[in-house]
Amino acid sequence: FFSLIMAKLGEGDPRWIVEQRADGSNVNQWHWTEKDVTQWVKTRVRELLQNQVILEKRAMMIRTTILDKVDGEANLYNRKGKVSFLMEINFSISWEGEAFDTSGKKVGLVRGKMTVPELEHDTNIEKMQIDVSCNDSSEAQRDKLLKAVQTEGRAWLRGKAEILLQEMKDVHSVQEKKKEASEVPTMPKDMSPLKDGAKVGCPAPPSPAPCPTKSTNAGAKTAKTSQKEASWLSWWWWPRWLSW
C-alpha cells in the first residue's frame with residue numbers, strides 16, 4: 001500500500017521531480033523569476049519630468065529643466081504566472097520660473113528644485129513628500145513664484161508619479177492585490193439599520209418587558225386550587241390506609 005504513495009528508499013519518484021527542460025523554458029511562468037527594471041524606471045522618470053511646462057499664465061511661467069538625480073531600484077517578481085513588483089526610488093528635478101508684467105515683459109527669473117525623498121510601489125500619492133527649494137533669495141518675484149511651485153508644482157509632480165506607477169503595472173502586466181475578506185468593512189452586530197426614523201449606526205432600543213395579564217393570574221389561582229385539592233384527597237384516604 002505504501003509503495004503506491006511513497007517512493008522507495010534511495011529512489012526518486014518521477015511524479016514529484018521537476019525535470020530540467022532541454023529548451024530551458026519556464027512553462028506558464030510557473031517557477032519563481034526575478035527581473036531588474038531599474039533602468040526602465042529611471043528612463044521613464046527622465047521622460048516624464050525633464051523639460052516640461054508646469055504652469056503657464058500671463059503673469060508667470062514655470063517649467064522643469066534637468067533631472068538632477070534619480071536613485072533606487074525596481075524589480076519584477078513572477079510566481080505561478082502572477083507578476084508583482086517592488087520599487088523604491090528618490091529623485092530631484094530642477095525648475096525655473098519667470099514673472100511678467102502687464103505688457104508681457106519679463107521682470108524676474110527664479111530657480112529651484114523639487115525633491116522626492118521616497119517613492120515606493122505602494123506609496124499613497126496624496127501623502128507623498130515633496131520638498132520645494134528656491135536658490136534665488138534676493139529676487140523680487142521670489143515669493144510669488146515659489147508659492148506657485150509649492151501648490152501647482154507639487155500637484156503636477158504627484159500626477160507624474162501616479163502615471164509612473166500605473167505604467168509600471170500596465171507595461172509589465174502586474175496584477176492588483178485583491179482585498180482579503182477580513183479587510184471588507186462590515187456592520188457591527190449591535191448596530192441596527194435605518195428603521196422607523198432611527199439613525200443608522202445607533203444600537204437598537206431594547207424591547208419593553210411584557211406586562212402581566214389576567215391569564216397569568218388565573219394560572220396562579222388554578223395552581224393553588226389544585227394544590228388544596230391534592231392535600232384534601234390525601235387526608236381523606238389516610239384512615240383507609242391505617243385499616244389495611
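Reader: Why does E118 count as partly exposed?

Author: In this predicted model, E118 has a relative accessibility of 41%. Buried requires under 20% and exposed requires over 50%, so E118, at 41%, counts as partly exposed. The residue is placed in strand β5, which covers residues 106-120.

Reader: What makes E118 part of a negative surface patch?

Author: The patch is formed by E34, D36, E73, E88 and E118. A member must have over 30% relative accessible area and no salt bridge, and like charges are joined within 9 Å. With 41% relative accessibility, E118 passes the area cut-off. Asp and Glu count as negative, so the patch of E34, D36, E73, E88 and E118 is called negative.

Reader: How do you know that E167 and R44 meet in a salt bridge?

Author: The N to O value for the side chains of E167 and R44 is 2.5 Å. The rule asks for a side-chain nitrogen of Lys or Arg within 4 Å of a carboxyl oxygen of Asp or Glu, and therefore the pair of E167 and R44 qualifies at 2.5 Å. Because E167 lies in helix α2 and R44 in helix α1, the pair ties together parts that are 123 residues apart in sequence. E167 has a relative accessible area of 22%, and is thus partly exposed. By this rule the count comes to seven salt bridges.

Reader: What makes R63 a partner of both E96 and E98?

Author: The side chains of R63 and E96 meet at 2.6 Å, N to O. R63 is in strand β3 and E96 in strand β4, so this pair ties together parts that are 33 residues apart in sequence. The side chains of R63 and E98 meet at 3.4 Å, N to O. E98 also belongs to strand β4, so the pair with R63 ties together parts that are 35 residues apart in sequence. The limit is within 4 Å, and therefore each pair is called a salt bridge. R63, E96, E98, K106 and R111 are linked in a network of salt bridges.

Reader: Why is N51 called exposed?

Author: Its relative accessible area is 57%, and exposed means over 50%, so N51 is exposed. N51 is found in the loop between α1 (38-49) and β2 (53-56). Phi of N51 is near 55°, a positive value in a residue other than glycine.

Reader: What makes a set of residues the largest nonpolar core, and where do its residues come from?

Author: Such a core consists of buried nonpolar residues joined through side-chain atoms within 4.5 Å. The largest one has 41 residues, and those with the most contacts inside it are V45, L49, F91, M114 and L119. At least two residues of this core are supplied by each of α1, β2, β3 (60-79), β4 (82-100), β5, β6 (131-134) and α2 (142-171). The largest share, ten residues, comes from α2.

Reader: Which pattern do the helices and strands follow along the sequence?

Author: The protein chain has four helices and six strands. Read along the sequence, their pattern is β-α-β-β-β-β-β-α-α-α.

How values were computed: Residues are numbered from 1 along each chain as its sequence is written. This is a predicted model: local features need pLDDT of at least 70, side-chain atom pairs count only at pLDDT 80 or more; totals for chains, interfaces and linings use all residues. Side-chain values use heavy atoms; hydrogens and water are left out. Patches are made of residues with over 30% relative accessible area and no salt bridge: like charges are joined within 9 Å, nonpolar side chains (Val, Leu, Ile, Met, Phe, Trp, Tyr) within 5 Å. Accessible areas come from the Shrake-Rupley method with a 1.4 Å probe; for residues, only the protein chains shown count as cover. The place of a charge is taken as NZ of Lys, CZ of Arg, CG of Asp or CD of Glu. Buried means under 20% relative accessible area, exposed over 50%, partly exposed in between (1.4 Å probe, protein chains only).
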